[in-house]
Amino acid sequence: MYPYRHFRLSRRELLTAGIGVGASILLPSAGLLAQEVPLLQRKIPSTGESLPIIGIGTARRYEAVTREAERAPLREVLRRFKEMGGKVIDTAPSYGTAETVVGDLVAELAIRDSLFLATKVGARGHAAGIAQLEQSLKRLRTPRIDLVAVHNLQDIQTQLGTLRQWKQAGRIRYVGITTSFERQHAAFEQTMKAETLDFIQVDYALDNRKADQRILPLAADRGMAVMINLPFGRGRLFQAVQGQTLPPWAGEFDCSTWAQFFLKYIVSHPAVTCAVPGIAKVDYLVDNLGAARGRLPGAAMRRRMESFIDGL
Ligand SMILES: NC(=O)c1ccc[n+]([C@@H]2O[C@H](COP(=O)([O-])OP(=O)(O)OC[C@H]3O[C@@H](n4cnc5c(N)ncnc54)[C@H](OP(=O)(O)O)[C@@H]3O)[C@@H](O)[C@H]2O)c1
């Protein structure tokens, strides 16, 4: 069972942040101080390696980036992400310029070694899959990709075979599969039962909870790490709560924004390793990483959050 961590600054953490115990008048604002607190982490079951529970997704906002004016804010997002202890960046060869932009910016910032780069293979056929993987290595400017997942189960057997060979050869570290379509969930589940996988990536959000019926428990049983895509339903959840104020009980799990409300719901599921919300603005980054700090909702609170959303 997942041990819920509680948000409390230890004396050592206060001292690390440069704050003497008893010097409460000199405490910086809660927001600033919170940014000093390490991000909550979860372990990848197949190795025990820890990852922060919130990462960055690069679909859409990184897909059509050609000018420096478009790259500059993304550079700042990645710089701050690393600075704040972030690691996981999810991309794909099918996301237009995303792999190239991530690879270039990470190289410029010289932060490759502190990141966990995840991409996908979405080709048909053995040779096409290999060509796509070679292209990802080149675009991401790295000799080794942390995670490659078969995108939406495309040509699954062939691509998984290649990924396993590449893992053996040390060119990728973890192998997985992804989907974001409910119509694929049954086939996804079958693949999870039949194959040994380090990771799965699936859609799950406070208003899209189908994955928690079978896929998330199965992942826990099979020892697979879980990365959650579409945690805001591509922004759908923000629309749903437009004009609403956060319920006061959100403070019981150290949540101060809607984004944190939605993300804390996801990452408090015991089977979930991390979520990758789309983030292309520093304000969103700071907000979303706030979901990786403090208390997380327990089972009863999670039911309350579901009722709240279902009642809108
Ligand atoms: N099959 C697959 O493998 C698959 C499929 C889909 C997605 N994915 C992965 O999952 C990632 C996430 O999906 P997504 O980016 O499409 O959707 P999402 O994360 O559910 O939603 C992103 C949207 O939320 C908004 N947002 C982010 N942080 C916010 C904040 N703190 N406050 C207010 N709004 C905020 C963004 O606004 P702006 O538009 O203003 O930036 C963006 O529109 C993708 O980037 C991709 O890496 C994988």
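Helices here are DSSP runs of H or I with at least four residues, strands are E runs of at least two, and both are numbered from the N terminus. With that settled, Glu 99 sits in helix α4, and we'll come back to it.

Quick housekeeping. This is a predicted model, so to speak of local features we need pLDDT of at least 70, side-chain atom pairs count only at pLDDT 80 or more, and totals for chains, interfaces and linings use all residues. Residues are numbered from 1 along each chain as its sequence is written, and side-chain values use heavy atoms, leaving out hydrogens and water.

Okay, the overall picture. The protein chain has twelve helices and ten strands. Of its 312 residues, 51% are buried, where buried means under 20% relative accessible area, exposed is over 50% and partly exposed lies in between, using a 1.4 Å probe and protein chains only. As for contacts, meaning heavy atoms within 4.5 Å: among those between residues at least 6 apart in sequence, 75% join residues at least 24 apart.

Now the sheet. Eight strands form an open sheet with parallel pairing, in the order β3-β4-β5-β6-β7-β8-β9-β10. The edges are β3 (56–57) and β10 (274–275), each pairing on one side only. Two strands pair if DSSP finds at least two bridges between them.

Let's take β5, residues 116–121. All six of its six residues are buried, so β5 is largely enclosed by the rest of the structure. Phe 116, Ala 118 and Lys 120 point one way, while Leu 117, Thr 119 and Val 121 point the other. On one flank, β4 (residues 88–90) joins β5 in parallel through three bridges, with Asp 90 opposite Ala 118. Right-handed means that, with the strands pointing away from the viewer, the path from the first strand over the helix to the second runs clockwise. β5 also runs parallel to β6 (residues 145–150), with four bridges, and Ala 118 faces Leu 147 there. β5, α5 and β6 make another right-handed unit.

So how do those two helices meet? The axes of α4 (residues 98–109) and α5 (residues 126–140) come within 7 Å and cross at roughly 40°. Axes are lines fitted to C-alpha atoms, for helices over the stretch in contact, with angles from 0 to 180 degrees between N-to-C directions. From α4, Glu 99, Thr 100, Val 102, Gly 103 and Asp 104 meet Ser 136, Arg 139 and Leu 140 in α5.

Back to Glu 99: buried or exposed? Buried, with a relative accessible area of 0%. Not counting residues up to four places away in sequence, Glu 99 touches Thr 91, Ala 92, Pro 93, Thr 119, Ser 136, Arg 139 and Leu 140. Its C-alpha is 8.3 Å from that of Tyr 62, 37 residues away along the chain.

Last stop, β8, residues 199–203, with five of its five residues buried. β7 (residues 172–178) pairs with β8 through three parallel bridges, with Thr 178 opposite Gln 201. The β7-to-β8 crossover goes through α7 (residues 185–194) and is right-handed. β9 (residues 225–229) pairs with β8 in the parallel sense over five bridges, and there Gln 201 partners Met 227.
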